[in-house]
Amino acid sequence: MMKLLDISKKYGEITHKYPFEPYKVADNFRGKPAYIFDLCIGCAACGIACPSNAITVQFNNDQSKLIWEFDCGRCIFCGRCDEVCPTGAIKLSEEFELAVKFDKSALIQRGELDTQYCTTCNKPFSAKRLVKYSFECLSKANVSEKRLEEAKEYLCMCPTCKKTATVATFTSGKEMVIE
Amino acid sequence: MKTYEIPQEIQDANTLEQKLDLLKNIGRSFSVFRIDCGSCNGCEIEIFAAITPLWDPERFGFKLVANPRHADILLCTGPVTRQMYYPLLRAYEATPDPKIVVALGACGVTGGIFYDAYSVLSGIDKIIPVDAYIPGCPPHPASIIYGLTTALGVMEQKLQKVSFEHDGDMPPLVEDSVLGNTLFERDLLVHAKRLMSYVFGRKLFDKYISALVKSGNTKDAKATKISITEAMQIEDDPRYAECMGILHNEIYTHYVMCEEEDKIDLHRVIWGAK
């Protein structure tokens with residue numbers, strides 16, 4: 001018995017004082033994904049990568065907004081969304097204090113983005129920010145002015161209209177020359 | 001789908017006032033009964049990590065018991081498989097009133113990754129009323145301690161629903177390229193992620209770009225070779241050093257005219273690893 005007391009004296013108290021003192025998690029700990037709305041472009045890469053569909057990207061009922069929604073209750077903290085996000089809008093934080101009482105909707109994070117309508121058929125197909133981001137990327141990627149003008153037109157078209165427009169330019173003999 | 005009608009006498013004995021009254025005037029330890037409703041055992045491992053002396057929840061009076069008849073708190077894990085549906089109900093009805101139900105882990109809260117599987121009911125709250133939710137896959141022992149103390153009212157809930165409804169202007173997201181062509185940065189980042197995964201790949205990308213900028217003229221293959229080799233020599237981690245060399249040889253040489261001698265020799269003796 002006395003030997004046991006000696007051993008415990010030697011090693012001291014190891015219990016974490018956690019709720020009364022902050023606890024520092026280990027390096028590269030995967031906590032709650034932190035969402036920065038200003039950086040989100042609504043590309044839905046995170047929604048496709050998410051294995052448990054905790055992130056969903058959908059149009060709302062009247063298709064005026066693209067809604068990005070994250071349910072922390074279903075998240076399995078794999079970090080795929082962090083891996084695929086092109087702008088760093090979603091990054092795993094070190095937050096681990098996630099418990100909620102009674103109301104599960106406190107676990108939800110959502111953002112509403114403006115919808116881009118197709119210039120030809122007026123159908124909603126993407127977020128305005130995504131179109132803007134794509135153009136910004138292209139304008140810094142060393143492409144010629146003429147190509148950039150064409151891209152400006154094509155970026156605001158839905159995939160179906162883009163296909164028809166491309167076929168129309170090719171068949172009417174106005175093929176673009178790649179410089 | 002409504003699966004289980006809670007009997008009226010259980011509902012009457014489990015109002016919020018009665019639960020708060022129990023928590024306030026308990027006068028003894030809280031007995032926790034753990035139900036595994038088809039969980040993968042990850043949550044169980046974390047629960048047992050949380051009851052070790054390292055975390056010691058008996059500071060707050062939590063004690064695991066082996067019988068639901070002795071329990072005040074039910075700690076439910078797992079997405080509720082069909083086989084565990086009736087055992088869960090039996091444990092729920094056997095617990096003395098008022099009972100506090102805590103759903104633990106992503107599966108317990110919403111069904112987690114199994115939420116649309118055919119054999120699960122996805123979530124404890126689809127069957128019985130839940131008082132506290134602890135998400136995590138599995139939750140860290142500190143999260144479990146936090147969740148249980150939140151359920152008791154010792155600590156405050158930190159998360160609230162966040163909703164951004166106004167689509168404002170976004171800041172310029174694309175930085176200017178060091179070579180005047182953002183495709184270089186794109187290829188570099190993709191290859192860095194392929195070599196060292198996304199967390200360390202981004203660090204590698206930053207290290208490589210800063211070494212490249214340090215050379216003065218980024219389009220001069222001779223100057224950049226000297227600058228990257230220097231960065232490799234002062235790098236403590238040999239994995240970063242070698243991957244910086246690979247990036248230089250495989251990506252940089254595509255974008256800037258290079259001769260064979262401008263490539264970095266990756267033999268460790270030649271570039272002088274520590």
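1. A word on terms before we start: two strands pair if DSSP finds at least two bridges between them, and helices (H or I, at least four residues) and strands (E, at least two) are DSSP runs, numbered from the N terminus. With that in hand, β6(A) and strand β6 (residues 162-164) of chain B run parallel and are joined by three bridges. Within this pairing, A:Gly111 stands opposite B:Phe164, and A:Arg110 stands opposite B:Ser163.

2. Please keep in mind that this is a predicted model, in which local features need pLDDT of at least 70 and side-chain atom pairs count only at pLDDT 80 or more, while totals for chains, interfaces and linings use all residues. Residues are numbered from 1 along each chain as its sequence is written, and chains are lettered from A and ligands numbered from 1 in the order in which they are written.

3. Staying with β6(A), this strand (residues 108-117) also runs antiparallel to strand β3 (residues 65-71) of chain A, with seven bridges joining them. There, A:Leu66 has A:Leu113 as its bridge partner. A further antiparallel pairing, over three bridges, links β6(A) to strand β7 (residues 124-127) of chain A, with A:Gln116 opposite A:Ser126. β6(A) and β7(A) make a hairpin with six residues between them, and A:Asn122 in the turn has a positive phi of about 60°.

4. Strands β3 (residues 73-77) and β4 (residues 100-104) of chain B pair in the parallel sense over five bridges, and B:Leu75 has B:Val102 as its bridge partner.

5. Two helices deserve a look here. For the angles, axes are lines fitted to C-alpha atoms, for helices over the stretch in contact, and angles run from 0 to 180 degrees between N-to-C directions; two residues are in contact if their C-beta atoms, placed from the backbone, lie within 7 Å.

6. Now the interior. A nonpolar core is a set of buried Ala, Val, Leu, Ile, Met, Phe, Trp, Tyr and Cys residues joined through C-beta atoms within 7 Å, where buried asks for 20 or more other C-beta atoms within 10 Å of a residue's own, C-beta atoms being placed from the backbone. The largest such core has 76 residues, of which B:Leu74, B:Leu75, B:Cys76, B:Leu88 and B:Val102 touch the most other members. Helix α6 (residues 141-152) of chain B gives the most to this core, with six residues. Apart from it lies another core, of 18 residues, including B:Tyr208 and B:Met244.

7. Finally, the interface: 52 residues of chain B are in contact with 47 residues of chain A. On the chain B side, α6(B) gives the most, with eight residues. That side divides into 29 nonpolar, 15 polar and eight charged residues (Ala, Val, Leu, Ile, Met, Phe, Trp, Tyr, Cys and Pro count as nonpolar, Asp, Glu, Lys and Arg as charged, and the others, Gly among them, as polar).

Note on methods
A residue is buried if 20 or more other C-beta atoms lie within 10 Å of its own, exposed if 12 or fewer, and partly exposed in between; C-beta atoms are placed from the backbone.
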